[in-house]
Amino acid sequence: MSSSTSARSEGRQPILSLRKVSKNFGAVAALTDIDLDVYPGEVVALVGDNGAGKSTLIKTLAGAHSPTSGTILFEGKEVVMEGPSAALDLGIATVFQDLALCENLDVVANIFLGQEKTPWHMDETEMEVTSWTLLNELAARIPSVRDVVASLSGGQRQTVAIARSLLSNPKIIMLDEPTAALGVAQTAEVLNLVERVKAKGLGVIMISHNMQDVRAIADRVVVLRLGKNNGVFAADASNEELIGAITGATDNAVSRRAKRLAEADKKVEELQ
Ligand SMILES: Nc1ncnc2c1ncn2[C@@H]1O[C@H](COP(=O)(O)OP(=O)(O)OP(=O)(O)O)[C@@H](O)[C@H]1O
Ligand SMILES: [Mg+2]
């Protein structure tokens, strides 16, 4: 049983709920009537084609856009987020795709970057210890917290960005394509890290175009298509089902290819 199913069957309250959330940019309906629940300790993958509305949804939840209509509930209470710091204060942290790290600063400085609002006035040693503790909790592989970000790999940078987002003790973190630019080993490392964040009891919303990553880590897969919710799937949904929902057609070149590959796999299995 997936943890999301158990979370729901135990009657636990979702951390975050969206009810009929829509966002228009002038005549463009980027999101229409989106419903979504995120429970503690579950990973919700957000998938969809280019322009489906994934980033708009994340930005709306991050307080960067205000919804045109609909309701956002945080721990059961309706909230209106006036901006990114309001979302962060509530406990919604975001790692945007560009990561926004400073190349010429070290890991500690990057983790504390933009956290001037925090009440702690830490000295360098305390900041270093806190950085180590955060990274150790994530079992992150960073050679030294005094390394400058410019010397880190793509996976290590993603790790630093995730560690930074955890500094404010959020209840939800949202990741926009955390594995997009990564090789196989680094992808595995980042997915492990997401597992650890989930194990801490946070809700995770992860945008990904990689169905393998999605299947490896998600408790639920939410498909957006043309700004609308086009299905919610369990992580064991077939490639064909997912691609069908993403493209809006169960029978197109991409899904036919996925089906052929699945059939070929099955034949190989039968022969073994
Ligand atoms: N600030 C904006 N102003 C006007 N239109 C926008 C704005 N942001 C997004 N859109 C439009 O909203 C729709 C959804 O875009 P969005 O960036 O959310 O898609 P996406 O699913 O993240 O796509 P991708 O996979 O390419 O990142 C698109 O039609 C896009 O052109
Ligand atoms: Mg996007």
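## Shell around ligand 1

Helix α2 gives the largest share of the shell around ligand 1, 3 residues. Helices (H or I, at least four residues) and strands (E, at least two) are DSSP runs, numbered from the N terminus. The model is predicted: local features need pLDDT of at least 70 and side-chain atom pairs pLDDT 80 or more, while totals for chains, interfaces and linings use all residues. Residues are numbered from 1 along each chain as its sequence is written, with chains lettered from A and ligands numbered from 1 in written order.

Around ligand 1 lie F25, V28, A30, G48, N50, G51, A52, G53, K54, S55 and T56 (C-beta atom, placed from the backbone, within 6 Å of the ligand). Two or more residues of this shell come from each of β2 (28-38) and α2. By class there are 4 nonpolar, 6 polar and 1 charged residues; Gly counts as polar and Lys as charged.

## Sheet

Six strands form an open sheet of mixed pairing, in the order β6-β7-β8-β3-β9-β10; a pair needs at least two DSSP bridges. Neighbouring strands are turned by 20 degrees against each other on average, direction ignored.

Strands β7 (residues 172-176) and β8 (residues 203-207) run parallel over 5 bridges, and I172 has G203 in β8 as its bridge partner.

## Helices on the sheet

Helix α2 (residues 54-61) lies across β3 (43-47), β6, β7, β8 and β9 (220-225), at about 150 degrees to β7. Angles run from 0 to 180 degrees between N-to-C directions of axes fitted to C-alpha atoms, for helices over the stretch in contact. Helix α9 (residues 239-247) also packs on the sheet, touching β3, β9 and β10, and makes about 30 degrees with β9. Contact requires C-beta atoms, placed from the backbone, within 7 Å.

Conventions: Two residues are in contact if their C-beta atoms, placed from the backbone, lie within 7 Å.
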